[in-house]
Amino acid sequence: MSQGPRSGLAAVSSALLAMSRHLEVRDVLKTIVASARELLDAQYAALGVPDDHGGFAQFVVDGVSDAQWKAIGPLPRQHGILAAMLRDAKPQRLADVRADPRFEGWPSAHPDLADFLGLPIRDGDEVIGALFLANKNCPKPEGTCGFTADDEELLSILAQHAAIALTNARLYERSRELTIVEERSRLAHELHDAVSQKLFSLRLTAQAATALIDRDPARAKGELQQVAALAAEAADELRAAVVELRPAALDEDGLVATLRTQTQVLDRAHTARVTFTARGVRALPAAQEEALLRVAQEALHNALRHSGADRVDVTLARRGSGAVLRVTDDGGGFDPRAIRRAGRHLGLVSMRDRAGGVGGTLTVESAPGKGTTIEMEVPGG
């Protein structure tokens, strides 16, 4: 290796820690590639995740500028050396990739690659990616590869941990997708109930107007005006459903705007008054914002579906470098001491898990006939 054992170990440790800090798949891929290139002192590095159609679903590079990457053109296909790594699942260490009989060329804007080291990334028996480096920054006698057997061993260690990091990131994104699907299903059911109630009322009112139109035209007119009002409310709620059933766009809109939109939708969809107030809140780590949003949604669901509340107030305020979320209703309340029954019924366990998972705390204040306050605090970043 080009570094001594101590510095080499420190570099590997830094690379593995960097990979473990990310949960988004794209971020994990970028970190793996950048760590590998820096660790082995190569000019170029890339990582491809294959799709099922002979190409790559994702392909991340390091050492190539955005302008160069754009000029290169579409993602590569699985041919030549890349195909060999994915098909044979064996390391490839070459003195000159261009001289290999499997080499099939590259686009005109592609940088020239010479010595080459590539390894498959495997999850059990499945090859989930191909990681390769090119152009080692070191003197290379003619016909020799700058990458050594020690480099190959080091990259192999990195590839094994890359497989773990990539698999974990995929599982995390899948869990997020499932959460969004479940949330959309819940909201669809909730909004369907609200709109159905409006349409039922509209039908009854229209029937009453029909019965009154001959014997009491004045009352019939009033009923028809009510029909028009109910129809307008139903249309508003259907429009709200379209907005609400989109996945919460925290990345684009931020926590405050997302919570404000959702409380406005629920205020229109329910007889209870639903309000939202934000005070001095600043951006928080993404995981904390998502946890706050999910706890707010669960608490609102409980208040609107189970408490019989006339009013539900949501506040989000800055507290130190973090924030505190409070959802308060004036509904029937419950006995927090009956935590096993209430916790299971109201999702308190999952809310506490969400809070604890981002370093936060959750407190519940309630009593029969006294309403409920759910408060979550997170430390910020």
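This report describes a helix with its neighbouring strands, a pocket, and an open sheet in a predicted model.

Residues are numbered from 1 along each chain as its sequence is written, and side-chain values use heavy atoms, with hydrogens and water left out. Because the model is predicted, local features need pLDDT of at least 70 and side-chain atom pairs count only at pLDDT 80 or more, while totals for chains, interfaces and linings use all residues.

Helices (H or I, at least four residues) and strands (E, at least two) are DSSP runs, numbered from the N terminus. Helix H4 covers residues 80-88, and seven of its nine residues are buried (under 20% relative accessible area, with a 1.4 Å probe and protein chains only). Among them are Ile81, Leu82 and Met85. The buried residues of H4 pack against strands E1 (42-50), E2 (56-62), E3 (92-94), E4 (116-123) and E5 (126-136), where contact means heavy atoms within 4.5 Å. After H4 comes Ala89, with a positive phi near 55 degrees.

Strand E1 is also mostly covered, with seven of its nine residues buried. Two strands pair if DSSP finds at least two bridges between them.

| Strands | Sense and bridges | Residues standing opposite |
|---|---|---|
| E1 and E5 | antiparallel, six bridges | Tyr44 and Ala134 |
| E1 and E2 | antiparallel, six bridges | Ala46 and Val61 |
| E8 and E10 | antiparallel, seven bridges | Asp329 and Thr372 |

**The largest pocket**

The largest pocket holds about 550 Å³ of space. A pocket is an open set of points on a 1 Å grid over the protein atoms alone, where a 1.4 Å probe fits, with protein on both sides within 12 Å along at least five of seven lines; lining residues have an atom within 4 Å of a point. The volume is the space filled by probe spheres set on the points, which are joined across faces, edges and corners. Of the 29 lining residues, Pro76, Leu82, Trp106, His110 and Phe132 are the closest to the pocket centre. E1, E2, helix H3 (66-72) and H4 each supply at least two lining residues.

**The open sheet**

Five strands form an open sheet in the order E6-E7-E8-E10-E9, with mixed pairing. Strands E6 (273-279) and E9 (361-366) stand at the edges with a single partner strand each, so one side of each has no neighbour in the sheet. Helix H8 (residues 286-306) lies across E6, E7 (311-319), E8, E9 and E10, at about 5 degrees to E8. Helix H10 (residues 348-357) lies across E9 and E10, at about 145 degrees to E9. Axes are lines fitted to C-alpha atoms, for helices over the stretch in contact, and angles run from 0 to 180 degrees between N-to-C directions.

Definitions and conventions: Buried means under 20% relative accessible area, exposed over 50%, partly exposed in between (1.4 Å probe, protein chains only).
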